[in-house]
Amino acid sequence: CPERPAAFLQTVTANLALTELRWQGRGAARGNVSLSLGDDYRVVATLDEPRGRVLDLAATADTALTSFVVDKLAVELAPALRLEGRGTQRLTWLGHGVAGVELDLDVAGARLVADGGFGELRRDTMVLAVSALDLATLAPVFGDAFRGYAGTVDARLGLVGTLDDVVVEGSVEGHALVVPGALRGAELVVALEGDGNQLAVEGTLGSDEHNRLRFSAAAPVRVSRDGVAIRDDGPLRAEVVLAPVQVRELNAFLDGISLPEAEASLALTLDGTVLEPRGALVASLGLPLGDGGPVVRSWLDATLAGGALLARGVVNQAFQSRVELFAAVPFDLPRLVQWLRGRDVRPELDDLVGQLAGTIILKQLPVETMRRLARVDWDVHGDVAGAFALSGRPWAPKLQGGVNVIAARVGDIPVSRATLELGPSALGYKLDLALGFGTARPLARDTGFARAEAEAEAVEVPDCIDG
């Protein structure tokens with residue numbers, strides 16, 4: 001470039017006075033802007049509203065507008081939301097990245113820090129951090145999206161390498177988190193690490209006293225300027241564990257949700273590859289049936305492998321009193337994954353999920369247990385035994401089978417015969433019900449028992465299960 005004449009090297013300064021400046025419903029503001037042009041550019045600006053100063057800026061940039069130094073920065077982004085610089089802020093723009101970044105900002109009491117450099121051509125390190133971010137301060141900026149949120153968040157993200165080959169490391173901690181309709185006073189800890197070939201996440205979610213939910217995951221993820229890429233053949237791992245916990249205690253940090261008195265545990269694992277994952281779920285729940293009532297314990301054991309979802313469930317009051325469920329359904333998970341990754345058209349649900357096959361077995365389950373679970377106060381007693389075959393689609397299952405009520409009794413009246421058979425029909429279901437009643441004492445000497453029987457056969461019941 002030709003050398004500039006000496007006269008051009010002199011500094012030129014311009015001052016601008018602002019009066020009655022209004023925008024976005026804010027009050028009338030007054031201020032000054034001073035701009036100096038010479039070997040570098042420098043701007044000094046202030047802006048005052050009747051209630052106080054809303055802008056105070058002093059910054060310098062080189063003539064190529066690549067290197068910036070901010071000596072003073074204070075700006076009111078919204079009422080009660082102010083951004084201020086801590087000391088001098090520095091940044092150099094390289095065209096393919098940034099270098100020499102030194103940012104230390106205060107935003108409504110939270111501290112935002114950026115240090116280092118990161119770009120396309122040379123390997124560098126950038127650290128981004130935020131501490132003591134109050135979620136309640138986000139609502140004035142983002143509106144209803146964060147209305148009602150509360151709690152504080154500390155987060156850190158480290159980037160090492162280049163835009164095309166980056167290693168990621170970070171962490172997030174949330175304290176006394178409030179998410180309307182979900183969490184209240186919860187604690188969250190998350191750690192993130194990616195070596196360029198695999199991205200791993202682990203953490204816990206709970207309250208101050210109950211950090212009970214633990215989760216971890218690792219996937220073959222590569223992060224670059226082009227976004228996030230997932231390898232099909234890389235190893236996949238995930239785990240979610242809920243240690244045995246008194247469910248009612250979780251109400252302390254669940255907002256808008258009331259859980260019953262029960263004890264629960266859960267373990268969910270996932271491995272394999274992205275296109276051929278294998279999963280397993282083991283869950284248990286102990287549910288007391290009212291004050292002083294028996295405890296009903298249930299287990300669910302499900303696996304996903306080989307293109308099929310298999311499940312076994314048990315509801316158990318005592319060893320001899322239980323309900324068992326066995327079910328299997330084909331599931332085309334690879335096709336679902338391909339659609340989610342944009343490699344296939346959206347599949348129909350019928351193409352993803354096959355026909356259900358399974359069995360429900362009832363083994364001397366007390367009618368009283370069923371009444372308490374259904375919360376009905378009928379004076380009916382006995383033990384239910386029977387079996388049903390499962391078919392159809394999981395969202396519209398079909399039942400076929402029957403049950404027998406052993407030692408059935410309605411109030412003080414014994415039921416000598418109580419059977420029910422259920423099967424599909426053209427209209428929905430066919431219900432065969434047989435009941436036999438007998439007195440508990442003779443009506444007259446030597447006349448035996450009075451007895452009545454009633455049967456209802458081939459009753460067409462509309463299909464109320466579909467959907």
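View 1. On a 1 Å grid over the protein atoms alone, a cavity is a set of points where a 1.4 Å probe fits but cannot get out, and its lining residues have an atom within 4 Å of a point. Grid points are joined across faces, edges and corners, and a volume is the space filled by probe spheres set on the points. A search of the whole structure on these terms gives 1 cavity of 30 Å³ or more, and the largest cavity holds about 40 Å³ of space. Its lining consists of Val166, Val168, Gly194, Gly196, Gln198, Leu199, Val221 and Val223, to which β12 and β16 (221-224) each supply at least two residues. This lining divides into 5 nonpolar, 3 polar and no charged residues, where Ala, Val, Leu, Ile, Met, Phe, Trp, Tyr, Cys and Pro count as nonpolar, Asp, Glu, Lys and Arg as charged, and the others, Gly among them, as polar. The structure is a predicted model, in which local features need pLDDT of at least 70 and side-chain atom pairs count only at pLDDT 80 or more, while totals for chains, interfaces and linings use all residues. Residues are numbered from 1 along each chain as its sequence is written, and side-chain values use heavy atoms, with hydrogens and water left out.

**View 2. The nonpolar cores.** A nonpolar core is a set of buried Ala, Val, Leu, Ile, Met, Phe, Trp, Tyr and Cys residues joined through side-chain atoms within 4.5 Å; buried means under 20% relative accessible area, exposed over 50%, and partly exposed in between (1.4 Å probe, protein chains only). In the largest core, which has 20 residues, those that touch the most other members are Leu333, Leu356, Leu362, Val384, Phe388, Leu399 and Val403. At least two residues of this core come from each of β23 (321-330), α2 (333-340), β24 (357-366), β25 (380-393) and β26 (396-410), helices (H or I, at least four residues) and strands (E, at least two) being DSSP runs numbered from the N terminus. A second, separate core of 8 residues includes Ala114, Phe118, Met126 and Val166.

**View 3. The surroundings of Thr46.** Thr46 belongs to strand β3 (residues 40-49) and is buried, with a relative accessible area of 16%. Apart from residues up to four places away in sequence, Thr46 touches Arg30, Gly31, Asn32, Arg53, Leu55 and Asp56, a contact meaning heavy atoms within 4.5 Å.

View 4. In strand β10 (residues 124-134) lies Ala132, a residue other than glycine whose phi is positive, near 55 degrees; Ala132 is partly exposed at 38% relative accessibility. Ala176, in strand β12 (residues 165-179), is likewise not a glycine and has a positive phi of about 50 degrees, and its relative accessible area of 42% makes Ala176 partly exposed.

**View 5. An aromatic pair.** Rings of Phe, Tyr and Trp (its six-membered ring) pair if their centres lie within 6.5 Å, with planes under 30 degrees apart counted as stacked, over 60 as edge-to-face and the rest as tilted. By this rule the count is 1 aromatic pair. Phe146 and Tyr149 form an edge-to-face pair, at 5.2 Å centre to centre and with 65 degrees between the planes. Phe146 is partly exposed at 26% relative accessibility, and Tyr149 is partly exposed at 25%.

Conventions. On a 1 Å grid over the protein atoms alone, a cavity is a set of points where a 1.4 Å probe fits but cannot get out, and a pocket is an open set with protein on both sides within 12 Å along at least five of seven lines; lining residues have an atom within 4 Å of a point.
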